[in-house]
Amino acid sequence: MSSKQKKIISTISAIAGLIVGLILLVGIQGKMQALQAPHLNLGELLWVPDWKIPHVLALADDNTAADLLWIRSIFYVGEYHDHGSEHDHQEDQNEHEHHHMDYTYSRDKVGEPEHHHNHEGHHEDHDNHHIQKLYKHEIEIKETPDSIDFKNIDFRNLSLIRNTLAGHLTDNEAKHMYHLFNVITELDTMFVTPYYQGAMYLTLMGGRYKEANLLLDKGMKHRPDRWEMPFYRGFIRLFYMNDKNGAVSDLRIASMKKGAPGFVSQLATSIQVGMGQVEMAIEFLKSLYEVTEDQEMKAKIKKLIKMYSSK
Amino acid sequence: MESLTRISAVAQTTFRETIRNKILHNMLGFAVVMFGLSWVISAWSVGEPEKIIADIGLTITVLVGVIIAIFAGVVLVHGEVDRKTILPILAKPLHRWEYVLGKYIGFSSAVLLVYIGMNVILILFLSVVGGGVSSGLLKAMYLSIWEVELVVALALMFSSITTPWLSALNTIILFIAGRFSYDIKFFLGAHPGNAFAPVLKIIYVLVPNLSYFNLRHEAVHAIPVSAQMLIYPTLYGIIYCSLVLLIASLAFRTKDLA
């Protein structure tokens, strides 16, 4: 065998070895992922210590730190949606049984439930209980969507909206998420998207409208020139706090900001003139659809508009 | 006039050497990949993609400039001393300070060229995304040049004094300290009676105040920038670089090259 032939054979062997090694590596990774999946603690991944740590790690380039953390939170929401989609698929096969399992799974993801000892803690316990009740209520609605009386919807219990838009964000995940958005907006106080988009994630995915309001208030303080924050606060006030006057006031503020879409002021007027609850909900959801950039949320809102309109 | 000719000769040689340096090419490639990555990342951001590209892009251009300055700059003088190639150069009618200045001009020009190239690519990326190029962005890019130039001067100074490893370490420490100079000032303001306050005051004055050159926040959020915010940092950069080069020349003048 000539040296040239030996060289070719050794090259081919090396390439074959690389391919076999790569296949083995991917295979082992797949096995490892399957082993890791039940122990994944996505909620914990959201936690960041304090704004000072990213500030130091980014060598005082706070804007970039804020961007990267924001992208991390988006990834989290994506992962979360993925898990949600998997569950939705399984729900089709075994609907009733899986509703219970789905909730149990999301609790398992975040580990031990928290215990509160102070006065504020009691409020949180109450909120947690309320959220749990909401989840249960949504499950019931999912099973019997025709049972909803669309003509007499109370905005305090717009479970249909929460059911269609919400995921199953646990308290711990919601708490971490709020902290993360807070850190992001500390690092870059003028970064608008985390204020309103973060508020929407907290509200629609976790029912955490109080934290969402805090985030929006902070956004309004730092970016008084933007219409998004009062607009979304108006949404929360109307759909989660049943505060029509507050919602109208927020929408009026939003409509006066530079760059506010025309429908914002129309919406404020519509609510003020006292249109029917369903029409009002449709109007608001339409405007929400217009301004929502998250495609998954957009699809859900569209579905909701269709559901309302068909009634 | 003769002095200028000699400085120019050293500068041209250094420029050609630096441009051929593989670190430069690798880092330029790295910057382009990172711009592309920031483009991809911005697509996931839900809102303000152009802000994210500008933020990450501006950070990358500065960091790449600083990495080139440190890792190519620290061997600039020491390498020639180590290889003894400096001896025939200094045997010619050339002052040592002229050599140091020529080295700085040649090296900083090469780094500047790469820096401008990176920013042009960044502007193209931003134009494609639709963010456009604001005057604020150009101002931020301009001031960042001084941040890089200052690190170039520091790397050259340490290269004239000590070994490449120590030079790199010292330059990195000063760069990081310079990045947090605003924090030192903030700490001093918050705790004026602190036992370390006098030491921190000295550190604050001595370390390069790199936060003066950071207009990136203003650029991405379209915050107006006054002329003073450009003039004073420029003057600060010129004076600081001159002082560092003066120290480098003094240190190199007494250096035993045998």
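The structure is a predicted model, in which local features need pLDDT of at least 70 and side-chain atom pairs count only at pLDDT 80 or more, while totals for chains, interfaces and linings use all residues. Residues are numbered from 1 along each chain as its sequence is written, chains are lettered from A and ligands numbered from 1 in the order in which they are written, and side-chain values use heavy atoms, with hydrogens and water left out.

Chain B and chain A meet through 23 residues of chain B and 24 residues of chain A. Contact here means heavy atoms within 4.5 Å. Together the two chains bury about 1,900 Å², and 59% of this lies on carbon and sulfur atoms. Buried area is the accessible area (1.4 Å probe) that two parts lose on being put together, summed over both. On the side of chain B, the residues that lose the most area to chain A are B:Val46, B:Glu48 and B:Phe180. They make up 28% of what that side buries.

Polar links also cross the interface. There are 14 residue pairs in polar contact between chain B and chain A, both residues being at pLDDT 80 or more. A polar contact is a pair of N or O atoms within 3.5 Å; within protein, one must be able to donate a hydrogen and the other to accept it, and residues adjacent in sequence count only if both atoms are side-chain atoms. Helices α3 (49-73), α8 (164-179) and α11 of chain B each supply at least two residues of the side that touches chain A. Helices (H or I, at least four residues) are DSSP runs, numbered from the N terminus. With six residues, α3(B) gives the most to that side. By class, the side of chain B that touches chain A holds 11 nonpolar, six polar and six charged residues. Ala, Val, Leu, Ile, Met, Phe, Trp, Tyr, Cys and Pro count as nonpolar, Asp, Glu, Lys and Arg as charged, and the others, Gly among them, as polar.

Four salt bridges are found across the interface of chain B and chain A. A salt bridge is a side-chain nitrogen of Lys or Arg within 4 Å of a carboxyl oxygen of Asp or Glu. B:Arg216 forms a salt bridge with A:Asp61, with the closest N and O atoms 3.2 Å apart. B:Arg216 belongs to helix α11 (residues 216-220) of chain B. B:Arg216 counts as buried because its relative accessibility is 2%. Buried means under 20% relative accessible area, exposed over 50%, and partly exposed in between (1.4 Å probe, protein chains only). Beyond its neighbours within four places in sequence, B:Arg216 is in contact with residues including A:Asn63, B:Glu147 and B:Arg179.

The largest nonpolar core has 134 residues. Such a core is a set of buried Ala, Val, Leu, Ile, Met, Phe, Trp, Tyr and Cys residues joined through side-chain atoms within 4.5 Å. Helix α7 (residues 135-161) of chain B gives the most to this core, with 16 residues. Another core, of five residues, lies apart from it, and B:Ile184 and B:Tyr204 are among its members.

Two residues other than glycine have positive phi values. Most residues other than glycine have a negative phi. For A:Leu59, phi is near 50 degrees. A:Leu59 sits in the loop between α3 (52-57) and α4 (62-93) of chain A. For B:Ala222, phi is about 55 degrees. B:Ala222 is exposed, because its relative accessible area is 67%.
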